[in-house]
Amino acid sequence: MSNNNLESVPGVAPAPSRYRNQISKYIIYRNDRCINCSKCVEVCKAGVHQQIGASSFSRPQEHKCIGVSCNACVDQCPEKALTVIINPMIEMLGDYRWTSDLILSTWYQAETGKLPPDGLEYCIGNSGGGFDRLRIKFPENPPIELKSDEISTSIPLNRRNDNAHRVEIGLPVYGGGMSYGSVGLSTILGKARAAKAWNTFTCTGEGGYHATLYPYDDHVITQVATGLFGVREDTIKRVKIVEFKYAQGAKPGLGGHLLGDKNTPDVAAMREAVAGTALFSPFPFHSVYSVEDHKKHVDWIKAMNPKALVSVKVSTPTDVDMVAIGSYYAEAHIIHIDGSYGGTGAAPNIAKKNIAMPIEYAIPKVHNFLKAEGVRDKITLIASGGIRTAHDVVKAIALGADGVVIGTAEMVALECVRCANCESGRGCPRGIATTDRELTHQFDPEWSGQRLINLLSSWHDQFVDILKKLGMKSVQELVGRHDCLEYEGVAIHGK
Amino acid sequence: MVNNFAEKVINSRERLKDDKVKGMPDRWQTEAEGGCGVVGFACSVPVRGRHIFEPSIQMHNRGNGKGGGIAAVGFNPKHFGISQETLDDCYLIQIALLDTESRAEVEKDCILPFMDVAHSSMIPTIDDYQEIGLEVKPPDVCQYFVRVKEDVLSRFIKENNLTGMDLRKAEDEFIYQNTFKLNKQFYASLGEKRAFVLSHGRNMIILKVVGYAEQAVQYYQMEDFKAHVWIAHQRYPTRGRLWHPGGAHPFIGLNEALVHNGDFANYYSVSEYLYQRNIQPLFLTDTEVSVLVFDLLNRTYGYPLEYIIEALAPTTELDFDQLPAEKQQIYRHIQEIHVHGSPDGPWLFIIARNDAENKRFQLIGITDTAMLRPQVFALQEGEIKIGIVGSEKQAIDAILNSLSKEDKRFHLIADKYWNARGGSHTDGGAFIFTLDENGGEQKGFVCADKFGRVIKTNENQTHPDLSISIQPPQQAQSIKERFAVCSAMELFEYLKNNLKEWDYNTFRWVCHEMVNIANENDGNKANIIEIFTLLNDKRYDTGTKKRSGILEIIKLTLHEVFEATKDLSHSDGENGKYKLIDFKRRNTLRAPRDNEQVLIINAHDFTPEGENCDSHLLVDAYNSGWKRFICYGYLGQRFCGCGLGLNTQGVRIDVYDSSGDYLASGIDGLEIFVHGNAQDQLGQIMKSGKLVIYGDAGQTFMYGAKGGSVYILGNVAGRPMINAVGKPRVVINGTCLDFLAESFMAGDPLNGGGFVILNGIEFDETQGKFVEQPTPYPGSNLFSLASGGAIYARDPHKKLVKAQLNGGEFASVTHDDWQVMLPYLQENERLFGISIEELLVVDGVCKEPEEVYRKITTSKKKVIVEVDEED
């Protein structure tokens, strides 16, 4: 195991799908010519076929099947009793950014903690631009030979070296803010469990700090957003990181919005608001209309919690570099830029798709600007908004970020099918983005926590593997290494 | 007639424009900068530059030391060794030489061929700029008192078809255009920068540095330079490692200097608006375009000040409807024509101006329509008259403090502090302090709002002269006898009732005696503190003495009592109830011993924020066992009461003097009493506890609060209670600027939820009796988008109208409502002496609660979906 400040390696354990019929890329038919010869069990390397007793098979574990490129069971079945076809449902699953392959491969990693079998794309989507056309450029031979356990994936979050906590996280990844209300408690606690296991963080979002999160205080970021819902002095005092959410990339210029239907009595009680009414957060902080107001805002947090690290989350308008440098001068430790791809179901489509700069443009813009200003090594740059895969993380870092925040990827790990019903009320069919009392009981935090631990474990292994090929001892060496990227075969110059 | 020339003047500027850029280039790129600290004052006598010092230092946390500047208007000609006539008539061109070699070239190209120079000199500077903490050497500045040569001017008039124009106006335009050419030649915003014009108005100067504003005063040795009007600006630029003073405020029109706090969203639009009128900004900041718009409206279009203010901060919504019809017509035209030149966003302008045409100096403060920036105005009208505007009250108090140290005719406390209501029909969001010649030794002084309504204080009351020594009054013996027999409350009543008749000397003598008594033992000390706190907090008849004068004496008395307290190095058993700590002795902090109960914190030398802020000391003291605090000597130190944590019931903090922002934000259980006006962002996310303010409160009061009981004697500025939830219970005896309880979500007030009681009253200045304000709530937005809670407004004349509510509804106050309100009104009566009985009297007739109060509640229609009730 690599050096990433973990006391013990988070245990990967199987966390299979909650559903009897998990959606898979391939469907396998076994007809009645089967003679129970077990040949299929013998030839399948992916473990799709399992025999139960002498004369029956379990239902094929279709999601493990690597498909027609293998076809071993079909070809070698003496009775031609097996057929493998592409699941027609796949066409309906996902979208250009989150392709069905990415969803399925994320599920696979969340279940097993390992890379999916051949045939499932786990690095890029099919958007035709951005991270989907960027490639990591590996040297033919790594400049230095490294063993896996020599490679560190951890990053420090306090680069000001001031009196605030010296926080270092085990992976260059932490969990994004999702409020109690936008998601349910099993989701929130699962995220917290994974954050603790990987010595990283999760974030409260703007819905308060549920008492069941208290055991995870050292791994929770309290978000202070414009509605100040559920923000109290004790929620600021009990954590190591406080995040100001000025804007989010999915809907810059709009505040948070909890649909009335999601504002259940439990949620309303946490926010001390009136149940059943839609809760809007104002677009700006009413107390912050300038950088000096912001500085005062930061000072206030430090008056309550002098050792808190301060993160400033902003969207990516064209002058995001100015915002970043302003945050630096206002003594933020972390500047968190949230690009346009991410976003909750509740963000209006018109906003999600049309405002803010894609994150792959914003990262180098901010990174280079901070460098030119001579302060790049004094602030941690975190990127979010469309980080789906381990490869996206690596690309974001090579573009200039220190680390990333993920949101949708976590939801997918919990078997989100990206149906986008989160915007239409309490009815998340998968029980993730809901506080409905029946729907939320579909899973418990042990399961969700394990799924996320597994996903991060797989990502960790990929980071180590990539760094090894690049000959880098630490993920920190990769920051801003544009030369390690190419755009569909075109090298990117400069460092 | 000026307007005939407006077009010609605009045409004459055509050739100044940079014609290389056509279309929509990124020519309006702006430099990033945030809000800033701004302050300005106008005084009937000229005062020294050093008095802009203290407020500037106190505004450091509104700037970052990367740009500061000052402007001054109205000088003594002797300072320059010139005649009054030269000072009045000549333009004073000040050129900053970034490249010291450029002087000769500047003179050759831009001064000597066109101007008759009556006098010129270099501004003297100190030798070593680093000595005063500057990192970048400020430019040398040369000054020229000039008139445009006659032949040059007539050629200019002829070439530009300006024949018939007032010669002075034509000369003004020449100076303006000449400056523009000079700046373009010597100061390319994106290239080489060698020299630029700091100011060119008559009887006014601007100086700016890469540093703090007061360093400009120090470096250019302006400490003893006297002027009638001063403004200062601390800038907060956030870009670039190398700065130059060109981007710092103030910026010039012709005879005006403007500083600005905030920024606007439509910089591009305003720049385009100017460009269409042949005006091209050169310094890439929104402040420059602001003053260019002002100058355009003023000098080119010849608008009166009221219309200029209207063009900058339009009157909207309900306020517009309440204007007289003829004003509506004019304003509508102004808005239609100039909407694109109207800065949109948060801003506060302070303008120092030599209105040479009318032989007067002016200080103007204008706030934006939405009132998004903090702003305070103040007035002191004693032997000397002074008007002040600033981004924070403590900057105002700092000016008065600094002035009163030098000249006892100035006093520590202003007679009147107030906020402007941006874009309103009431005051127009702007106030103008005008100084003119009245033949006397001092200048004439008038404060008026946008509409010309004069604001003044009671002329029949006077300030004390503290330089006179105190004499025992005739009735000394009889007063002394009272001291011996009365309880604290009786004594307070006695003092309160007699103050009306006493002269200042008697009151000062009483105070002096009281201090001696207080020092005898702890019991006395407690009583005296209580008596003087009551005298400070309550309103009563002060006779011919100004309340501010009484308050000044009370303040000094309390300070004496506090300062006489022993520090923590003493342990004196039973007689040591009070202990004092200050910044110097902060390391003496320890747990309370023996009978020690009250920690007195002198906040004066603590920093406004950060580790050396008194709020940190208070948290440490609380953690080591202290529960009762008296904090005084504030100069705007922030965060008082923050950080003590959960369940702080039993803790009490009494706050005196100029307390700062974010006071009581986040508290859970403790009680804070603010004995005076309070600042911005109070009680944010407050969970529970009690907050009492014996004065006004600032912007975004109780934003996102969850609970607590709050009592405010005076008014509250903009955006109080926004996004508050849970169960806050608030009594506001005055009113609010606007946006009260927007998105209020505080449940059902009859069922444990929150509410605001809005009384809409104020105290008359002289007698200490309360009277109704013109309306309980002047704003256009009341309880907008609220989904819970209620407002109980005292509105017996039904002045509130449906148009002010956006989503709310009027309802009658029921018996149940009154039962919920009653305990809070009773406490309000106990705290402020505002009796429920009197509140229910309308025009001399006692009425029922439902006839006096109206309830504003959530609209029944608003429930979007039904939800399951709690199991």
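**Notebook: a predicted two-chain model**

**Entry 1. A strand pair and its sheet in chain A**

I began with strand E16 (residues 380-384) of chain A and strand E17 (residues 403-406) of chain A, which pair in the parallel sense over 2 bridges. Strands here are DSSP runs (E, at least two residues), helices are DSSP runs (H or I, at least four), and both are numbered from the N terminus; two strands pair if DSSP finds at least two bridges between them. I looked up the partner of A:Ile382 and found A:Gly403, in E17(A).

I noted that the model is predicted, that local features need pLDDT of at least 70, that side-chain atom pairs count only at pLDDT 80 or more, and that totals for chains, interfaces and linings use all residues. Residues are numbered from 1 along each chain as its sequence is written, while chains are lettered from A and ligands numbered from 1 in the order in which they are written.

As background, the strands of a sheet pair through backbone hydrogen bonds, either parallel or antiparallel.

**Entry 2. Chain A as a whole**

I recorded 13 helices and 19 strands in chain A. Its radius of gyration is 23 Å, close to the 23 Å from the globule rule for 495 residues, so chain A is as compact as a globular protein of that length. The radius is taken over C-alpha atoms, and the rule is 2.2 Å times the number of residues to the power 0.38. The C-alpha atoms fill a box of roughly 75 × 60 × 45 Å along the principal axes.

Of the 495 residues, 59% are buried. A residue is buried if 20 or more other C-beta atoms lie within 10 Å of its own, exposed if 12 or fewer, and partly exposed in between, with C-beta atoms placed from the backbone.

I also looked up the domains: chain A has domain 1 (26-86) and domain 2 (148-491), with bounds from an automatic or database domain assignment. Their C-alpha centres lie 43 Å apart.

**Entry 3. Chain B and one of its helices**

For chain B I recorded 22 helices and 33 strands. The C-alpha trace spans about 85 × 65 × 50 Å along its principal axes, and 55% of the 871 residues count as buried.

The domains of chain B are domain 1 (3-449), domain 2 (476-562), domain 3 (577-675) and domain 4 (683-864). The C-alpha centres of domain 3 and domain 4 of chain B are separated by 29 Å.

I next examined helix H9 (residues 286-300) of chain B. At 1.5 Å a residue, its 15 residues should span 21 Å, and the end C-alpha atoms are 20 Å apart, which agrees; the expected span is 1.5 Å times one less than the number of residues. In H9(B), 15 of the 15 residues are buried. Just after H9(B), B:Gly302 takes a positive phi of about 65°.

**Entry 4. Where the chains meet**

How many residues of chain B are in contact with chain A? I found 58, facing 41 residues of chain A, where contact requires C-beta atoms, placed from the backbone, within 7 Å. The chain B side has 19 nonpolar, 21 polar and 18 charged residues. Ala, Val, Leu, Ile, Met, Phe, Trp, Tyr, Cys and Pro count as nonpolar, Asp, Glu, Lys and Arg as charged, and the others, Gly among them, as polar.

Definitions and conventions: Contact = placed C-beta atoms within 7 Å.
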